[in-house]
Each structure stands twice: as structure tokens, then as C-alpha cells.
Amino acid sequence: MIKYDKRTGSFQVTDLGLVASHYYVTHTSMATYNEHLRPTMSDLELFRLFSISAEFKYINVRQEERQELEKLLEKVPVPVKESVEEASAKVNVLLQAHISRLRLDGFALAADMAYVTQSGARIARALFDIVLKRGWATLTEKCLQLAKMIDRRMWGTQSPLRQFKDIPEEIVKKMERKDFPMERLYDLNSQEIGELIGIPAMGKLVHRHVHQFPKLELTAHVQPITSSILKIELTITPDFQFDEKHHGKAEPFWILVQDVDGERILHHEYFILKQKFAEEDHVVTFTVPLFEPLHPQYFIRVISDRWIGSESVLPVSFRHLILPAKFSAHTELLDLQPIPLSDLKNRNFEALFAGQFKVFNPIQTQVFNAVYNNDSNVFIGAPTGSGKTVCAELAILRPL
């Protein structure tokens, strides 16, 4: 903020320290991430990296909080290596307590949790953007999963139906105890679902929400452009009931193309499914690189940006793929006798170049017949200063 000081007659910047502090925190966080990020990080390491972000450097462990933190440490699912006296352990525990919906007793601890959770989704999204651009497939999915868990306040191992507030928690817990896969619920009718959960009257409600959960069907057509570039035409078919109450006006998804090992992202794209087009097929076209030796297949994953458990995977096999023949990257420059200006057979044309040179250079000599004595289309690609302008002038002089 800038204030005018009447006593001194000058302007003063009052929160320059805050601005500098914010820049310092952001800068040091990036340095921390660059130092610790690795493609094969586990969930434990990812939570620890989150907890040592510079945004939390001023969080301290108070004496009166230690007992409650020790109790929370026993309840959170992801182990914390650090001692409860360390600030990073406190941040880690508070984040997991937020996701687990654990109740806090201390007011100061609740205030710190509010700060951690407010920064949580932003930091998780920042980590997601970093590893997405680095092409680390496994860690990209984990960071996106972490961001969604913070937003939804639930773990990825819990039933995806928890994301519907209309379903009573007791019903969801019953389904989690039965460990019934979400994919199998699509094949059951409302009566069968009611029998599964032991409450027939709730069968219709659960059945409706099962079919409102974002689910996509994928098909792909591949076409090689060159021996190293593959064109993929991906058809996305929504297979769920779009409800504005749960989905809003649109549902965002991430399209990820991974290599055969599922370790490297070859292409990523943001896809938005709008409500008014929710019953139509959507075609997304993009290109991906091919490598030698040719991989047996790629994997296309379409992951919801908001819903936990909403993911579609399509393997694209290259078993019967026929690649175009390879061509050399450039035309070989032939060792030809330089063509003199007299071959233009026009004194006026010769006069245009007489002050510059007496014979054409090797590139001009090689293309002379094509651009000056022929009406066919010609493409000339050569380094700067190799005489391409003269070649163009020869083509212009051709019809004169």
C-alpha cells in the first residue's frame, strides 16, 4: 500500500515487506520442489514434500498442541516420519486430518488447519502443473488425486459415491465395508442395489447417483503421418446422466497419452464437457511422437479434474500399424559445375546479377532448371545466406 506522509511530504510504501515476503515464499517453494521432486515419489514422500513448502515456514508447534497432535498422528492413514515437535509433521497431520474430516479440539490448531487447507489445494495444483509439464505420468496422477482429495475431503480409497451429498453416510459406509467395486454397480438395477446395501428403499437413490457419476467411453482411430509422428482421433462418448445440481454447467477432464510403461506423458490436453453437449460424441484430434523401436501400445487416460475415481483408460495397440517409409531429412547437394549468368539467355536479366556474381552458387545451380526452365511447384529449404532470394527472383523472371 502507498501512503502520503504530510509531515515529510513524501510517499511511503507500507507493505513492501509483505510483497517481498510473498515473493520469497513462492521462490523458495519452487526451489524446494525442484530439489525434492522425483518421478517415482510415493504418497508418503508427496505428503512430506507438501509439508515442507515454504508457505508453512512460520507455522510452529505449540506446547499445548502436542498432545492433540500425537492423537491425530495415530489416526491419519499416511505415516509421518518426522517427530510431532517438527512443524512439517504438524502441517502433514493437519492436511490429512482435513481430508479425513477429523474433529479438532484446540482453537489455535483449528486456525492453523484453516491456513493449511486454504493453501493446500493451490499447492497441490501447482505440483500437478509442474510434474505434468515434466511428463511424469505416475506422479502427475498422484498430484491430481491429492488436489481432488483436498477439495472433496475424502481419500481415493473410499467409495466415489461419497461425493454425492444426497446419499446418507451410513449407506456409503455399508458399501465400503462390502468392498463392492464401482464398476460392478453399473450392472445392477435399483432393486439389486437395495438388496446389496440391505435397505431396499434406498436402492433407487443409489442407482440414480451411480449413473450420474461421470463415466466416459473411449474409442480411438490412429493414423501415422510420418515414421515418427502418429495422429490419434479420440472419440469421447459420455455415459452418465448429466445433472446440473451435481455437475454444474460443465465437467472438465484431462486427456493424457502415456507410453507403454505408463511412466511418461507424451501428450496432455484439457477437455471440457458442456451440459448442452452431454449426450453427443466428442472428437479430439492430436498427434504424438513414435519412437524406435516401436512400442507395442500407448495408453490414453481421461481423468476427471474434479471427481475422485472418474477415470477411463484406452490401450491403443500398434500391432497392425504400418508406418510410412523413411525419407532423408534433406536433399543431397550435388557437386555440379556452376552455371554462368549467360545461361539466363537474356541480357537484361544478366545485368540484374552482374554486379553481384558471375556464376550461381551450388544451391542456385542445382535448382536453376526447376525454377527458371520449368513451371512446376518448387519448395526450397536452405540455411540463411545460402541464396534463396536469388532462387525466388529466378522464378519471378521465368514468365517474363
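1. The accessible surface of the protein chain comes to about 23,300 Å², and carbon and sulfur atoms account for 52% of that surface. This is a predicted model, and the values in this note should be read with that in mind. Of the 400 residues of the chain, 41% count as buried.

2. On overall dimensions, the chain has a radius of gyration of 32 Å, whereas a compact globule of 400 residues would have one near 21 Å. The C-alpha trace spans about 100 × 80 × 40 Å along its principal axes. The secondary structure comes to 14 helices and nine strands. When contacts between residues at least 6 apart in sequence are considered, 60% of them join residues at least 24 apart.

3. The largest nonpolar core has 51 residues, and those with the most contacts inside it are L37, F47, I99, V116, L127, L139 and L146. Two or more residues of this core are given by each of α2 (43-51), α3 (66-75), α4 (87-100), α5 (107-134), α6 (137-152) and β5 (250-258). Helix α5 supplies the largest share of this core, namely eleven residues. A second, separate core has 26 residues, including I236, L273, F286 and F318.

4. Leaving out residues up to four places away in sequence, L139 touches L37, R38, P39, M41, L46 and V131. One of these partners, L37, is itself listed with L139 among the residues with the most contacts inside the largest core.

5. The structure holds 15 aromatic pairs. One of them is formed by F360 and F368, whose ring centres lie 5.5 Å apart with 40° between the planes, and this pair is tilted. Why does the pair count as tilted rather than stacked or edge-to-face? Planes under 30 degrees apart count as stacked and those over 60 as edge-to-face, so an angle of 40° belongs to the remaining class. Both partners are buried, F360 with a relative accessible area of 2% and F368 with one of 4%. F360 and F368 also belong to one aromatic cluster, together with F353, F357 and Y372.

6. A cis peptide bond, with omega about -5°, joins E292 and P293, and P293 lies in the loop between β7 (282-289) and β8 (297-304). R101, although not a glycine, has a positive phi of about 60°; R101 is placed in the loop between α4 and α5 and is partly exposed, with a relative accessible area of 47%. K345 is not a glycine either and has a positive phi of about 55°. K345 lies in the loop between β9 (311-317) and α12 (347-354), and it is exposed, with a relative accessible area of 75%.

7. Is T235 buried or exposed? T235, which is found in strand β4 (residues 229-238), has a relative accessible area of 18% and is therefore buried, the limit being under 20%. Not counting residues up to four places away in sequence, T235 touches E217, L218 and T219, as well as D281, H282 and V283.

8. E350 is found in helix α12 and is partly exposed, with a relative accessible area of 22%. With its neighbours within four places in sequence left aside, E350 is in contact with L341, S342, L344 and K345. E350 and P340 are ten residues apart in sequence, and their C-alpha atoms are 9.6 Å apart in space.

Conventions:
Residues numbered from 1 in each chain as written. Predicted model: local features only at pLDDT ≥ 70, side-chain atom pairs only at ≥ 80, totals over all residues. Heavy atoms only, no water. Phe/Tyr/Trp six-rings, centres within 6.5 Å; stacked < 30°, edge-to-face > 60°. Buried < 20%, exposed > 50% of the residue type's maximum accessible area, 1.4 Å probe, protein only. Helix = DSSP H or I, 4+ residues; strand = E, 2+ residues; numbered from the N terminus. Rg over C-alpha atoms; globule rule 2.2 N^0.38 Å. Contact = heavy atoms within 4.5 Å. Areas by Shrake-Rupley, 256 points an atom, 1.4 Å probe, with all protein chains shown as cover. Core = buried A, V, L, I, M, F, W, Y, C linked by side-chain atoms within 4.5 Å.
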